[in-house]
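Please keep the sequence and the structure in view while reading.

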Amino acid sequence: MPRTKENQCPYCGYKIDAASDIADEKNTPKKGDVSICIKCAGLMTFTEDCSLVEMTQEEFHELPDEVKKQLAKLRICILEMRENEFES
């Protein structure tokens with residue numbers, strides 16, 4: 001998993017210093033790439049300097065439908081995983 005500059009999730013503050021590409025784990029993030037927080041499932045995008053910022057509604061609506069579906073599935077998985085942590 002490629003390392004990135006250290007970031008914090010703009011939603012929950014979780015420390016993020018790596019990112020993986022679903023299609024090719026060797027790819028490193030570039031401006032406009034989408035990311036999802038493994039802690040809170042917040043949707044973000046990478047900036048030119050590899051910082052993470054909240055994804056805007058406009059950016060989300062511009063995504064292809066297939067990407068939106070993948071993100072929805074990932075968000076559900078992350079939220080269920082976190083819910084199960086609290087039940088244990």
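Is Cys50 buried or exposed? Cys50 is buried, at a relative accessible area of 19%; buried stands for under 20%, exposed for over 50% and partly exposed for the range in between, with a 1.4 Å probe and protein chains only.

## Basis of the model

The model is predicted: local features need pLDDT of at least 70 and side-chain atom pairs pLDDT 80 or more, while totals for chains, interfaces and linings use all residues. Residues are numbered from 1 along each chain as its sequence is written, and side-chain values use heavy atoms, without hydrogens and water.

## Cysteines

The whole structure contains 0 disulfides, a disulfide being a pair of cysteine sulfur atoms within 2.5 Å. Cys40 takes part in none, and its nearest cysteine sulfur, that of Cys9, lies 3.7 Å away. Cys40 is partly exposed, with a relative accessible area of 24%.

For Cys50, the closest cysteine sulfur is also in Cys9. The separation is 16 Å, which is too far for a bond.

## Largest pocket

The largest pocket has a volume of about 850 Å³. Of its 27 lining residues, Ser20, Ile22, Val34, Ser35 and Ile36 are the closest to the centre. A pocket is an open set of points on a 1 Å grid over the protein atoms alone, where a 1.4 Å probe fits, with protein on both sides within 12 Å along at least five of seven lines; lining residues have an atom within 4 Å of a point. Points are joined across faces, edges and corners, and the volume is the space filled by probe spheres set on them.

Helix 2 (65-87), strand 2 (15-18) and strand 3 (34-36) each contribute at least two lining residues. The largest share, 7 residues, belongs to helix 2. Helices (H or I, at least four residues) and strands (E, at least two) are DSSP runs numbered from the N terminus.
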